[in-house]
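Trainee: Could you take me through one part of this model closely? I would like to follow how its elements are put together, step by step.

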Amino acid sequence: MILTDIEGTTSSISFVKDVLFPYARRALPGFVAAHRDDPDVRRWLDVVATEHGAICDDAVIVETLQGWIDADRKHTALKALQGMIWSAGYQDADFTAHIYPDAADALRRWHADGETLAVYSSGSVPAQKLFFGHSDAGDLTGLISNWFDTEVGGKREAESYARIADALDAAPAEILFLSDVVEELDAARDAGMRTVLVDRLEDYPQPRDAASANGHTRVTAFDQIDAIR
Ligand SMILES: CSCCC(=O)C(=O)COP(=O)(O)O
Ligand SMILES: [Mg+2]
């Protein structure tokens, strides 16, 4: 089984930082004004308000969320709201989601080989499905059988990976986790998963050396994973 991260692993960091985040930042005020009373939206706005000291003013909530986007906070409420906002961008064809060609090819190849493929990203599960459903390589959602976001726990916590293994009904050692972030791989390894550091030159112009890779197998593209999966 292969469990993969998205940003920096299947897809470029710059697409997320330079296209998705600014789109959500710009659209937030209008989105909150239009949907503030939708229960699915209000639930997350109230989480933000509570965390901010129970302020109730939506303008302050919007500013707080925009600050979190600028700081790249991987907060579950922010990620849920971003996913709802990006939906319009994908539907209107304002953008398609970046995926490295080697990643799209490998996911197709592994799926054809009968490999179970799952995603674990800080992006919400609906955002992940939009991302893979509107990728540069077309609709890839059919390749992925399981989707996990931070509702299962933080990506740097070993317990999250144990929960994912449980949900996949697999022993952790049967799962190969792919990520660009060493701390995420450390947590997955602590839970017993096998790990691969994806170190793409486009995202990390200074490749990670053996010490920074912290013992994780390092690749620069998905085709190098064929030999070890
Ligand atoms: C799939 S939604 C866009 C990505 C995103 O919001 C994000 O935070 C990605 O983090 P990742 O865990 O995939 O590195
Ligand atoms: Mg990542």
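Mentor: Gladly! Two strands pair if DSSP finds at least two bridges between them, and the elements themselves are DSSP runs, numbered from the N terminus (helices are H or I, at least four residues; strands are E, at least two). This is a predicted model, where local features need pLDDT of at least 70 and side-chain atom pairs pLDDT 80 or more, while totals for chains, interfaces and linings use all residues. Residues count from 1 along each chain as written, chains are lettered from A and ligands numbered from 1 in the order written, and side-chain values use heavy atoms, without hydrogens or water.

Six strands build an open sheet with parallel pairing, and their order is 3-2-1-4-5-6. At the edges you find strand 3 (146-148) and strand 6 (217-219); each has a single partner strand, so one side of each has no neighbour in the sheet. On average, neighbouring strands are turned by 25° against each other, direction ignored. Now look at one pairing: strand 1 (residues 2-4) joins strand 2 (residues 117-120) in the parallel sense over three bridges. There, Ile2 is opposite Leu117 of strand 2.

Next come the helices that lie across these strands. Helix 7 (residues 158-167) lies across strand 1, strand 2, strand 3 and strand 4 (176-179), and runs at about 150° to strand 2. Such angles, from 0 to 180 degrees, are taken between N-to-C directions, with axes fitted to C-alpha atoms, for helices over the stretch in contact. Helix 6 lies across strand 2 and strand 3, at about 125° to strand 3.

Stay with helix 6 and bring in its helical partner. The axes of helix 4 (residues 76-91) and helix 6 (residues 125-133) come within 9 Å and cross at roughly 20°. That makes the two helices roughly parallel (under 35 degrees; over 145 is roughly antiparallel, 65 to 115 roughly perpendicular, the rest oblique). Their crossing is left-handed, meaning the near helix is turned anticlockwise from the far one by less than a right angle; clockwise would be right-handed. Helix 4 contributes Gly83, Trp86, Ser87, Tyr90 and Gln91 to the contact, and helix 6 contributes Ala127, Leu130 and Phe131 (contact means heavy atoms within 4.5 Å). Five of these residues are nonpolar, three polar and none charged (Ala, Val, Leu, Ile, Met, Phe, Trp, Tyr, Cys and Pro count as nonpolar, Asp, Glu, Lys and Arg as charged, the others, Gly among them, as polar).

Phe131 brings us to the rings. The whole structure holds 11 aromatic pairs, which join rings of Phe, Tyr and Trp (its six-membered ring) with centres within 6.5 Å. In the pair of Phe15 and Phe131, the centres are 5.9 Å apart and the planes at 75°, so the pair is edge-to-face (over 60 degrees; under 30 is stacked, the rest tilted). Phe15 belongs to helix 1 (residues 13-35) and Phe131 to helix 6, so the pair links distant parts of the chain, 116 residues apart.

Among the residues in contact are Leu45 and Val48 of helix 2 and Ile61 and Trp68 of helix 3. By class, this contact has six nonpolar, one polar and three charged residues.
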